[in-house]
Structures are given as structure tokens and as C-alpha cells.
Amino acid sequence: EFRRVLFRSYFPKYFTTKAILLYILLMFVVSFAFLTHVLPFVWWIFGLAEVIGFFYFSNYLTRKWANYSPKLFVKQLFFLSLFLRLIWVFFSYLFYTNMTGQPFEFSTADALNYHDRAIWINYLMDKNNLKPYFDFVKESYSDAGYPTYLSFIYLLTDDSILVSRILKAFYGAWMAVLVYKLSSRNFGDGTARIAAIFVALMPNLILYSGLHLKEAEMVLLSVLFIERADHLLRSEKFKFWDILVTFALAGSLFFFRTPLGIIALFALFTALFFSSEKVMKLNRKLVIGVWALVAVAFLVGGVFSSEVNELWSERSENQDTSIEWRAKREGGNQFATYASKSIFAPAIFIIPLPTIVRVDGQENQMLINGGNYVKNILAFFAMFALFLIVKEKKWKDFMLIASFTLGYLVVVALSAFAQSERFHQPALPFLLILAAYGISRVTNANKKFFIWYLVLIFVAIIAWSWFKLAGRGMI
């Protein structure tokens, strides 16, 4: 199976079965090792559904849909993605209401803030007094995008939380289609189908359809920007509209997370300077490069200059301050002081590791434990893909995706949020694309490395479970 296939268009059962079995083994080993802090049964159910659902159906669907026409594949992909997300939207609405007394996730400070801010914006509009809103925007561009968008949805739907989340389900389905188009241009149709199915099934991406956070919209904009930028760079002909849309999407990212907007422009510049002639001719590089310089001058040097300067001036303090706070707060982990960028950076493809022990106040982490485990496993194939790209000297052909993914992950590794699953979201669709390419290239000669990697993950997750408990004095 491995030796005969040069480019595979499915996810082999060899990998999926072992990934499922290792997860089940980990759950039992950790439970027996830390018997007084066993993961509550409800989070076992979530974790098993996330892991078994992803790995079983990624094997099944990549095989079943391999011979579908592109048109039929896209249709099936969209409806599968939409169906899974809508199921989660309605289930999570009832689940969170039952568990917390309101249709918001656990530890919901950010979500409630966005909700209240959107209602406040509409109140100001109703009173014809938008000055406080514009003052808010000037103070923090990166926090203004999502509540502004949400206020518009609320205005049309009478403050409907459920409708705003149904829209997130559609965005997730659209994103899966965009990933298919982007991957097809870069890695071929077979790899693109694996990547798109991964996006459709990925628990961490489905999760945010049912949360009142900005990640679903922000990740869609990130994928849409990269897809449009890739189209701009690779198409034989382009219009001014293509340039305008690409840079408008880059600008929109600044309203969701300042570093994300910077990384988007960085990735575009990197692709312009280093992409091979196969991807883009010199005259096109010059034309797009001029527009890119104008965009940087307007966005980074003008409109968002204050936020960029503040981000740069505080770059060395943010992580240290956050680590100290995590160690000293009530219920914090005293071992957090040993964590640093030197630890996070080498593991940035793999982390966050799953929380499979009971830690009060970390219900969100326990709920998505299976999704984090899926990411841990797929990281092997993403790193393998990057290794192949460099080894085969093809890195100039994939500069846009690679520079965005690596650039964003480096920023996260150096930030205060390296271990926060939420802050890894913008890079996740691109990691899934790289993982799909890695899977398509695994041969009999190198599949053995996967087994060694599973041993590493097994040890790491057990150590992480001990770290979470021991650092809080729970064992």
C-alpha cells in the first residue's frame, strides 16, 4: 500500500487505527495513574466522539469520495461540513444552557463581552450617538471587528444568538470548499480532497461554530485571504478587483487580531520575493509588489500604526507577564514559571496537549481534549510535509501557505498564548493542508517514524497530565 503509491489520495487505516487505539490507551493509563482526578465521564464521551469520529470518517470518506467528480465532491463536502456544524450549533446551545444556565461556553468572559458590546453598538445607533463607538474603535482596532459584525447580525435578527451561530456553520462549510480550491492549486486534487475532508471533520474547527467568539469568522477571513492571494499570484490573468479584494481581506484581519494582519502581509511579501518563476513571473511580482507596498504604508504605517507600535514595544514582556500571572493566580500552576518560548517554540506544531485529567475551571479544555489530540497526531504529517518540501527544494512553490503558517506559529510561540488552543486557530486549516500533503507522500520506508512519534506523544501527554496536577498541588 505504501510502496506502490507515490501520491496518495486517502488517509490509510494503518494510521487512523493506531491513533484511535493510542487515545483509548492513554485515557485508561492516565485515569489509573491519577485515579483521584479522573476525567469526568461527560468529557470522556466528548473526547471519544472527537477522536473516533475524526479518524474513522477521515479514512472512510477519503476513500469513498476519491473518485467523485470535482463538482460532486465539493457538493458533498459543503453539505457534510454544514451538517456537522449545524448539529453542533443546536446541541451546544442546549448543552451550554443546561450546564451553565446560559447559551455560552464555560469561562465566558470574552463571549459575553462581545455579546454585550454588540447590543451596546445597536443602542448607540438607535440613539443616533455613535461617538462612543468611534472612540472605542480608535482605542482598539483589533477588538472592534467582531462586535461590529455581530451588532449588524443582531440588528437584523432581534439580537438572536442562535442565528449568529447558524451563520458560523455556513462559514465553516464555505471554508472547507476554499481549502479544497487552495490545496488543489498547490498540491493537486488528491491531497486537496484529504485536506478538505480534514477541515470538514476537525473538532477544533467545528467547536467555534457553537461559541460566541470571533474565531469562526477570523479563520474564514484568514483562509479567504490566502486563497485569494494565491489565486492572484498564480493566475495567468488578473484584474484590479483581484488586487483590491486581496488587500481588503488583509486589512480586515487587523480588526480581529493585529498580529494576524501583520503576518498576512508578511506572507504575501515573502511569496512575492521568493516564489519560483513556476508560480509567478517577474513582471507580475513587480506590479503586485507596488500595490503591496501601498497597502503596508496605509495599514501598518498609517491606520494601524499605533497598535503595531504598541505590539512591538511590549513583545518581550507579554509572555513573561502572562507566565507569572498563571503561576500566582488562584488555582494557577506554579510550574508555569518553567515554561518559556524556548520550550514552546520547538513544540509549536504539536501543542496544545489535551487535558485528560479533571482540573476544575478547565471545562473548555476538557471538552476539546479529543480535538487537541487529533491535532497532536496530524502534526507529525505536517512536519513531514515541510521536511519533504525543503528536502526536495520545492519550498519556493509553496511560499504563501508556508510563510503564513510558520510566521503565525512563531508569533504564537513568542506570545502569552502559546498553550491556548484558541490562539492556534488561524494556522489550523493550513496545518491540515500540510498534513494532507504529508499523508499523500508517506511510503513504506518512512511510515516507521509514525510509530516512534506515537511513543513520543504517549509520554508527552502523560507528563502533561502530571504537570497540570502537580503544579496545582493536587498530587
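1. The model is predicted. Its second largest pocket holds about 560 Å³ of space. The lining of this pocket consists of 20 residues, and those nearest the centre are Ala-49, Glu-50, Leu-84, Trp-88 and Ile-206.

2. Three helices, α2 (41-64), α3 (70-100) and α9 (203-207), each contribute at least two residues to the lining of the second largest pocket. Of these, α2 provides the largest share, namely eight residues.

3. In terms of residue class, the lining of the second largest pocket comprises 18 nonpolar residues, one polar residue and one charged residue. Glu-50, one of the residues nearest the centre, belongs to the charged class because Glu is counted there together with Asp, Lys and Arg.

4. Attention is drawn to two residues in the loop between α6 (145-157) and α7 (161-187). Asp-158 is located in this loop and has a positive phi of about 60 degrees, although it is not a glycine. Asp-159 is found in the loop between α6 and α7 as well, and its phi is likewise positive, near 60 degrees.

5. Are these aspartates buried or exposed? Asp-158 has a relative accessibility of 69% and therefore counts as exposed, the cut-off being over 50%. Asp-159, with a relative accessible area of 33%, is partly exposed.

6. A cis peptide bond links Ile-351 to Pro-352, with omega near 5 degrees. Pro-352 is placed in the loop between α16 (341-344) and α17 (363-367).

How values were computed. Residues are numbered from 1 along each chain as its sequence is written. This is a predicted model: local features need pLDDT of at least 70, side-chain atom pairs count only at pLDDT 80 or more; totals for chains, interfaces and linings use all residues. Side-chain values use heavy atoms; hydrogens and water are left out. Helices (H or I, at least four residues) and strands (E, at least two) are DSSP runs, numbered from the N terminus. Buried means under 20% relative accessible area, exposed over 50%, partly exposed in between (1.4 Å probe, protein chains only). On a 1 Å grid over the protein atoms alone, a cavity is a set of points where a 1.4 Å probe fits but cannot get out, and a pocket is an open set with protein on both sides within 12 Å along at least five of seven lines; lining residues have an atom within 4 Å of a point. Grid points are joined across faces, edges and corners, and a volume is the space filled by probe spheres set on the points.
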